[in-house]
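Here is a friendly briefing to read alongside the model. Keep the viewer open and follow the topics in turn.

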Amino acid sequence: MKTTIFDNLDALYKKSADTFVELSEKSIQKHGKFTVALSGGSSPKAIFSLLATPEYAGKIEWNKVYFFWVDERWVSLDDEKSNYKMTLETLLSKVPVTENQVFPMYKDGVEPEDYAKEYEAQIRNVLGDEGIFDFILLGMGDDGHTASLFPGETVLHEKKKWVDAYFLKPQEMYRITLTEPIINKAENVLIVTFGQSKKHALNEVLNGAYHPELYPLQLIEKKESVQIFTDEEATN
């Protein structure tokens with residue numbers, strides 16, 4: 001696991017976008033497509049906005065990119081809390097992708113637990129039974145959670161399902177999420193987290209005892225293919 005500390009967020013966002021471009025080129029050259037699972041939040045929003053600019057958009061073979069999500073609040077696709085809606089507005093509506101390349105992590109009229117099974121089937125259909133994403137973009141909350149893998153939740157122990165859904169009591173809402181097994185299979189994982197509020201959890205994740213029940217980001221294996229992009233506020 002390599003940690004890169006940036007002295008400003010613009011440089012962090014640019015390097016993240018550069019990484020997306022580089023990995024897309026390698027994956028498409030290797031096996032003809034680029035399969036990604038994206039996160040929501042403010043930092044991905046800035047990265048997606050960069051990728052939509054002519055400077056970046058012209059470097060990517062968009063017709064070969066397949067978009068999944070790391071996790072989602074169980075809200076309609078037009079809800080302001082939807083990670084899909086944010087990605088659509090900042091990136092997907094601005095680049096040439098078709099519906100069959102985009103797999104929202106929500107479906108009207110379906111129970112979240114049932115859609116978790118359906119979503120796993122969609123992943124298998126595109127990625128095959130190995131289930132290896134080319135690229136997964138993660139963040140980390142102030143409490144050390146990543147995706148919808150929150151401290152103390154049963155989902156942290158899931159070893160068979162690739163996708164799970166459950167009711168998160170502190171938020172009074174359902175969440176649907178990729179699980180630890182499929183995240184750790186990915187060819188490349190980029191964790192973007194920064195700011196003073198992340199300092200304690202990030203230090204525990206990187207340097208503390210192994211307590212993923214408290215700091216779920218520790219579930220992500222510290223392999224060479226995993227990178228962390230952060231800033232001085234979160235590390236000093």
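A search of the whole structure finds 1 cavity of 30 Å³ or more. A cavity here is a set of points on a 1 Å grid over the protein atoms alone where a 1.4 Å probe fits but cannot get out; grid points are joined across faces, edges and corners, and a volume is the space filled by probe spheres set on the points. This is a predicted model, in which local features need pLDDT of at least 70 and side-chain atom pairs count only at pLDDT 80 or more, while totals for chains, interfaces and linings use all residues. Residues are numbered from 1 along each chain as its sequence is written, and side-chain values use heavy atoms, with hydrogens and water left out.

**Cavity and pocket**

- The largest cavity has a volume of about 40 Å³, and its lining consists of Ser16, Phe20, Leu38, Ile47, Phe48, Leu51, Phe135, Leu137 and Leu190. (A lining residue has an atom within 4 Å of a point.)
- Helix 1, helix 2 and strand 5 are the elements that give two or more residues to the lining of the largest cavity, and helix 2 gives the most, with 3 residues. Helices (H or I, at least four residues) and strands (E, at least two) are DSSP runs, numbered from the N terminus.
- The largest pocket has a volume of about 450 Å³; a pocket is an open set of points with protein on both sides within 12 Å along at least five of seven lines.
- In the largest pocket, 24 residues form the lining, and Gly40, Gly41, Gly139, Met140 and His145 lie nearest its centre.
- Two or more lining residues of the largest pocket come from each of helix 2 (42-51), strand 4 (71-73) and strand 5 (135-138). Helix 2 gives the most to this lining, with 3 residues.

**Helix 1**

- Helix 1 (residues 9-31) has 23 residues and reaches 33 Å from its first C-alpha to its last, close to the 33 Å expected at 1.5 Å a residue. The expected span is 1.5 Å times one less than the number of residues.
- Among the buried residues of helix 1 are Ser16 and Phe20, and both Ser16 and Phe20 also line the largest cavity. Buried means under 20% relative accessible area, exposed over 50%, and partly exposed in between (1.4 Å probe, protein chains only).
- At the start of helix 1, a side-chain oxygen of Asn8 comes to within 3.2 Å of the backbone nitrogen of Asp10.
- Just after helix 1, Gly32 has a positive phi of about 80°.

- Ala201, Leu202 and Val205 are the buried residues of helix 7. They fall within an arc of 95° seen down the helix axis, so they line one face of helix 7; the arc is that of the directions from the helix axis to the C-beta atoms.
- His200 and Asn207 are exposed on the other side of helix 7, while strand 9 is included in what covers the buried residues.
- Tyr210 sits in the loop between helix 7 (199-207) and strand 9 (226-231), and counts as exposed at 56% relative accessibility.
- Not counting residues up to four places away in sequence, Tyr210 touches Gln218 and Leu219. Contact means heavy atoms within 4.5 Å.

- Asn184, in helix 6 (residues 180-185), is buried, with a relative accessible area of 8%.
- The side chains of Asn184 and Glu180 are joined by a polar contact of 2.9 Å. A polar contact is a pair of N or O atoms within 3.5 Å; within protein, one must be able to donate a hydrogen and the other to accept it, and residues adjacent in sequence count only if both atoms are side-chain atoms.
- Leaving aside neighbours within four places in sequence, Asn184 is in contact with Leu219, Ile220, Glu221 and Lys223.
- Asp129 is in the loop between helix 5 (112-127) and strand 5, and is exposed at 59% relative accessibility.
- The side chain of Asp129 makes a polar contact of 3.3 Å with the side chain of Arg124.

- Most residues other than glycine have a negative phi.
- Ala147 has a positive phi near 50°; this residue is in the loop between strand 5 and strand 6 (163-168) and is buried, at 8% relative accessible area.
- Glu172 has a positive phi near 55°; this residue lies in the loop between strand 6 and strand 7 (173-178) and is exposed, at 59% relative accessible area.
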